[in-house]
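Biologist: Before we go through the model, please tell me what each term rests on.

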Amino acid sequence: MKLYMHPGACSLSPHIVCRELGLPVELVEVDRATHRTQGGEDYLHINGNGYVPALVLADGQVLTEGPAIVQYLADLRPEAGLLPPTGSVERSRVQSWLNFISAELHKPMVMLMLPAYAPARAVVAALVDKRLDWLAGQIAGPYLTGDRFTVADAYLFVCLNWSPWNGVDLARRPALQAFMAQVAARPGVQAALAAEGLAPLGDSIFFAPRPAEAVAAQ
Ligand SMILES: N[C@@H](CCC(=O)N[C@@H](CS)C(=O)NCC(=O)O)C(=O)O
């Protein structure tokens, strides 16, 4: 399988799921400005919407939309329990979280990072704040649905990791900070972060692309 991605973007969520499941995946980095891959491929032929992630299966089929991709991946290794069985209320609960993260956090949080949305910034920031305040009281602990890490935790971790760049203040939400630390400590998550060249941002709980000099010095 090939995962079209950009370091630290929402494509990190399916990447984490692959690492957690021990699924072999080839990472193909997409340039966001040109929509070209490092190999010169036109990514718009893979995903006409131009955004990552896209997963290309061994038979060439293309799957897009992060929440759908993570569910497909989890179902390849159901014994790992990253997504409860079909038909269970527990599975619907994880899907409910995926939808919440996608609609209520992912998109508005991205808008907070884009200059084009600056005129709407105050309204969007207020919405995100309201959703995060609610979320902080919902985490069953240590993960979203309790003791078990699921695909929704991978997705939430990635969105919260954008906080230093979109102005979201996690410091006043200790439950979300604890969640970040818990997820970051997982070996599968560490492996995905390292493979994307993401390292701790100073002494914070967030992960950022390493400066080019640090990568070159290796
Ligand atoms: N609905 C899509 C949204 C994906 C998305 O917003 N991807 C961002 C990175 S987090 C992206 O590639 N943006 C660049 C662009 O839109 O061209 C999904 O959930 O997979």
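Modeller: Two strands pair if DSSP finds at least two bridges between them; strands (E, at least two residues) and helices (H or I, at least four residues) are DSSP runs, numbered from the N terminus. This is a predicted model: local features need pLDDT of at least 70, side-chain atom pairs count only at pLDDT 80 or more, and totals for chains, interfaces and linings use all residues. Residues are numbered from 1 along each chain as its sequence is written.

Biologist: Why are S3 and S4 called paired?

Modeller: Three bridges join strand S3 (residues 54-56) to S4, and at least two are required, so the strands pair. They run antiparallel, and Ala54 stands opposite Thr64 in S4.

Biologist: What makes S2 and S4 edge strands?

Modeller: The open sheet has four strands in the order S2-S1-S3-S4, with mixed pairing. Strand S2 (26-29) and strand S4 (62-64) each have a single partner strand, so one side of each is left without a neighbour in the sheet.

Biologist: How do you know that the radius of gyration agrees with a compact globule?

Modeller: The radius is taken over C-alpha atoms, and the globule rule is 2.2 Å times the number of residues to the power 0.38. For 218 residues the rule gives a value near 17 Å, and the protein chain has 17 Å, so the two agree.

Biologist: What makes a residue count as buried?

Modeller: A buried residue has 20 or more other C-beta atoms, placed from the backbone, within 10 Å of its own. Of the 218 residues of the protein chain, 33% count as buried.

Methods. A residue is buried if 20 or more other C-beta atoms lie within 10 Å of its own, exposed if 12 or fewer, and partly exposed in between; C-beta atoms are placed from the backbone.
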